[in-house]
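Please open the model in your viewer and keep the selection panel at hand.

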Amino acid sequence: MTFSVHGLAVSRGIAIGRAVLVASSRADVAHYFVDADKTDLEIARVREARNAVVEEISRLQHDLPKDAPHEISALLDVHLMLLQDEQLIGGVKKWITDRRYNAEWALTTQYETIARQFDDMEDEYLRERKADLEQVVERILRRMKGMASPMQPVAQAGASRKQSKQGLLLADTIDVPLVLIAHDISPADMLQFKQSLFAGFATDVGGKTSHTAIVARSMDIPAVVGARSASQLIEQDDWVIIDGDAGILIVDPSPIILAEYGFKQRQGELERERLSRLKNTAAITLDNQRIELLANIELPGDTLGAVSAGAVGVGLFRSEFLFMGRAGNLPNEEEQYSAYRQAIEGMKGMPVTIRTVDIGSDKPLDRASDRMEKAQDTHLNPALGLRAIRWSLADPPMFLTQLRAILRAAAHGQVNLLVPMLAHASEIKQTLLLIDRARVQLDNQGVPYGPVQLGAMIEIPAAALSLKLFLKYFDFLSIGTNDLIQYTLAIDRADESVAHLYDPCHPAVLRLIADTIAECNAQGKGVSVCGEMAGDVSMTKLLLGMGLRSFSMHPSQILAVKQQILRADTAKLKPWAELVLGSDDPAAML
Ligand code: PEP
Ligand code: MG
């Protein structure tokens with residue numbers, strides 16, 4: 001029966017596919033398709049791991065001391081029974097044979113399927129067996145980690161995908177498009193899915209500018225977050241339409257609905273084709289104002305997409321993505337230097353703005369790291385805690401390592417060094433002191449480095465109200481509207497339950513942005529917006545009217561924003577923006 005689930009639209013377009021349910025804790029499991037002639041090997045890999053676990057548990061049981069409580073032996077019996085249950089291995093075999101999922105993916109998919117059956121059971125004792133099943137699956141996965149897959153993934157990292165006429169992403173060998181449904185995915189795990197084989201995705205939690213949503217947008221696939229109970233209502237393999245424009249999921253659609261969305265999907269494709277013609281057009285307004293359109297990137301490889309979308313530089317390299325999902329082992333200086341250098345070279349001489357690490361809040365380093373314990377999750381308000389520059393200043397050796405790597409990379413091209421979340425004069429001074437110290441260290445080692453322009457992010461209202469202080473020390477400012485909105489309105493940007501109050505058009509927010517732009521323009525200092533607002537076409541004209549001439553956004557949004565720019569006349573927009581700024585209800589005027 002058809003039903004719909006409402007959430008928040010985060011990434012445009014329509015995806016139609018079968019649901020793949022992924023538990024939050026399983027998001028880091030590899031997902032790829034295997035060749036048809038290799039499925040037997042893949043099945044053997046699960047069997048081998050399963051048999052090894054059976055042996056391990058049997059041995060445990062055999063070695064139990066005679067006086068061990070009876071419950072332990074009974075529990076091990078249950079685990080053995082679950083391991084040998086044909087439903088588990090039979091199901092895994094089916095996912096591998098029919099869908100060509102890799103072994104880990106097949107196992108976690110079958111786990112989700114059986115776990116759901118346990119959830120539906122009346123009997124409490126049986127319902128509780130789900131936890132045992134989870135432990136058993138965890139053991140098999142751990143075993144498999146030690147056994148390298150004998151084959152190369154067939155479809156992963158977008159290597160062998162193609163775009164069908166309907167706009168569905170299909171693997172060469174698999175003709176069923178897939179959409180990912182999860183309760184939550186951390187930004188680090190999202191990286192695993194970046195350029196993966198999914199045609200769209202939806203999560204139960206998250207706000208429009210949560211970092212998971214931001215990475216989703218950078219993947220340029222239809223996505224919905226904050227869809228509350230989607231992962232409970234949708235079942236493995238259900239057909240789902242993800243409407244990333246309206247923020248709606250339609251489950252088990254009727255043929256009429258499917259036809260309607262198929263049509264919408266084709267319209268979207270046509271629109272994209274039309275926009276792609278603007279790629280080589282300069283971003284100049286009707287009254288001859290040249291506008292700088294820059295790209296936001298997460299990894300050095302993203303520069304490829306930035307260049308092909310026509311970006312004239314990188315306005316925000318979120319360097320923290322180099323730090324995440326590494327079990328707390330931070331990248332060393334060489335590793336960082338080569339990543340930054342790769343990004344600089346990828347931009348072919350265009351400027352690259354590297355933001356120092358912004359770990360914390362909804363961007364934890366890793367689930368299992370000690371450093372994360374120190375910084376996040378253990379506190380009630382991680383967004384107000386040891387985040388971004390605060391985290392960096394709390395660990396000078398770590399920060400110096402990053403600063404040296406950035407300065408060294410600057411020898412290879414035009415680099416701007418951007419510092420997130422500053423609010424206090426003391427933080428500014430400490431940061432500048434450490435940048436100087438990094439230079440001295442490099443001098444002492446005789447290591448070459450290059451000049452950088454220094455920039456600060458304006459993300460905290462206190463910073464937006466201390467512009468003179470900031471401009472005394474920095475060459476340019478970059479407005480992080482995502483956080484500026486969060487902190488001005490006291491709305492957690494990652495919390496879907498207050499998403500309706502997260503209002504980019506609140507007069508207070510607009511006032512802080514307008515004043516920042518005006519002050520920078522008055523002092524002849526560079527200013528850019530690099531939050532999601534920069535890529536929101538409904539805000540382009542207002543920002544132009546406020547005097548903004550530099551926008552940084554995900555490459556996928558550049559052409560649509562350029563289209564707005566080509567139709568704009570900034571001389572006319574200026575007085576109009578004044579009216580909007582003075583209004584009680586600015587949104588109504590856009
Ligand atoms: C912002 O806050 O607007 C910003 C660009 O930084 P991030 O989204 O990474 O917090
Ligand atoms: Mg921010």
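**Around the ligand**

Begin by selecting α8 (211–219), β12 (314–318) and α19 (481–489), each of which supplies at least two residues of the shell around ligand 1, where helices (H or I, at least four residues) and strands (E, at least two) are DSSP runs numbered from the N terminus. This is a predicted model, in which local features need pLDDT of at least 70 and side-chain atom pairs count only at pLDDT 80 or more, while totals for chains, interfaces and linings use all residues. Residues are numbered from 1 along each chain as its sequence is written, chains are lettered from A and ligands numbered from 1 in the order in which they are written, and side-chain values use heavy atoms, with hydrogens and water left out.

Then show the 17 residues around ligand 1 (a heavy atom within 4 Å), of which Arg318, Arg355, Gly480, Asn482 and Arg493 come nearest.

For the polar contacts (N or O atoms within 3.5 Å), select Arg493, where a polar side-chain atom lies 2.7 Å from an oxygen atom of ligand 1, and then Arg387, whose corresponding distance to a ligand oxygen is 3.2 Å. At Gly480, a polar backbone atom is 3.4 Å from an oxygen atom of ligand 1.

**A buried histidine**

Finally, move to His554, in the loop between β18 (550–553) and α22 (555–566). His554 is buried, with a relative accessible area of 1% (buried means under 20%, with a 1.4 Å probe and protein chains only).

Key
Polar contact = N/O pair within 3.5 Å; in protein donor to acceptor, adjacent residues only side chain to side chain. Buried < 20%, exposed > 50% of the residue type's maximum accessible area, 1.4 Å probe, protein only.
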